[in-house]
Amino acid sequence: MMMENGQPLPIVAEADNDVYDSTTEPRAELYQPSVARIKTDTAMNAPKGGLVIFTANSNPSCMVLGKRISERLGVVLGKVQVYQEANRETRVQIQESVRGKDVFIIQTVSKDVNTAIMELLIMVYACKTSCARSIIGVIPYFPYSKQCKMRKRGSIVSKLLASMMCKAGLNHLITMDLHQKEIQGFFNIPVDNLRASPFLLQYIQEEIPDYRNAVIVAKSPSSAKRAQSFAERLRLGIAVIHGEAQDAESDLVDGRHSPPTVKNIGAIHPSLDIPFVIPKEKPPITVVGDVGGRIAIIVDDIIDDVDSFLAAADTLKERGAYKIYVMATHGILSCDAPRLIEESAINEVVVTNTIPHEIQKLQCPKIKTVDISMILSEAIRRIHNGESMSYLFRNIGVDD
């Protein structure tokens, strides 16, 4: 397929023709799926005219992801300057016309989350005031997604962030594996919540020897649905770890669901008879399922504080698992997570490149990366050409 300038379109999704810039990252360090490629029933059509792709920050990893996406689409990244003033104010200068065009802004969230958010908001507003036809945000990891529920006298920060994005001028959002699917309801614009499970499943099949002897593990009952989805697709067994320490998202920290343990009716009102509720008590750690002599694959959506994963790995090792893998979409890996992983019983941690983690990979060789730029580029192409997005969600369930 040829573009208007006569050059071939580098968006072919086959293994032997995969577009790859060897100057950005060694191929061995980035797993790129080679079998289950995203492609249409015939051949991919070139994106129509009026497409502009920007990267919203100067983070090298964001530039690499943006370059991969633009190469697959056969377009050149848009010219924009994003920098910090001396007083830490963010300044954005769009250096080309976006009037009447579809603008896609790619933003990966690095360690400085708040700066990344301001860069995105200011760039969206700059494109809006420059009369762009539509502004679509490509945010593989949606920040503040863990703060999507009311906690005592806190706030639902992800809803606030959604309102800010819509107010700035965002018309559409492309993201991946939201921490809670209900976050889509915070927006009054279309939200495409893509899934990384097909890429992780393919990694298991191609890169884990003897994966047929594996068992999918949920490190807590809350992640059992995701583990069940993986197990059903791979035709494997499932195990659930129950009784680990409560995390910050447990109902125990929510005053509405954890009434006081002391029954003091008189202090409230003489006529109110509030029933006494027995406080929750953490049971001893139990593994529901057989992991002895098996490969244990722990699946989750986010890896940030790795303490719960390390505890799960130790428990599985005690129960007889001889290899332990951790699979997740977003590898935040904060603080000293790489060092803890390197010293742990975990054999390998597999995450996607939705979040920059090159520094963590240098600190811990156990961390592996799966490239998901393919599905992001196809989503951009379909939205720009006005095509259906249903193909990208084929055989995808709510629990994936």
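Start by selecting Ser61, Cys62, Leu65, Gly66, Arg68, Ile69, Ser70, Arg72 and Leu73, the buried residues of α1 (buried is under 20% relative accessible area, exposed over 50%, partly exposed in between, with a 1.4 Å probe and protein chains only). This is a predicted model, where local features need pLDDT of at least 70, side-chain atom pairs count only at pLDDT 80 or more, and totals for chains, interfaces and linings use all residues. Residues are numbered from 1 along each chain as its sequence is written, and side-chain values use heavy atoms, leaving out hydrogens and water.

Now show the whole of α1, residues 60-73. Helices here are DSSP runs of H or I with at least four residues, strands are runs of E with at least two, and both are numbered from the N terminus. α1 has 14 residues and spans 20 Å from first C-alpha to last, close to the 20 Å expected (1.5 Å times one less than the number of residues).

Next, bring up what covers those buried residues: β1 (30-31), β2 (51-55), β5 (102-106), α8 (358-363) and α9 (373-385) are included, contact being heavy atoms within 4.5 Å. Then step off the end of α1 to Gly74, which follows the helix with a positive phi near 75°.

Most residues other than glycine have a negative phi. So two more stops are worth a click. Arg88 sits in the loop between β3 (80-84) and β4 (90-94), with phi near 75°. Arg88 is exposed, at 54% relative accessible area.

Last, pick Leu333, in the loop between β13 (323-331) and α7 (337-342). Its phi is positive too, about 50°. Is Leu333 buried or exposed? Leu333 counts as buried, at 1% relative accessibility.
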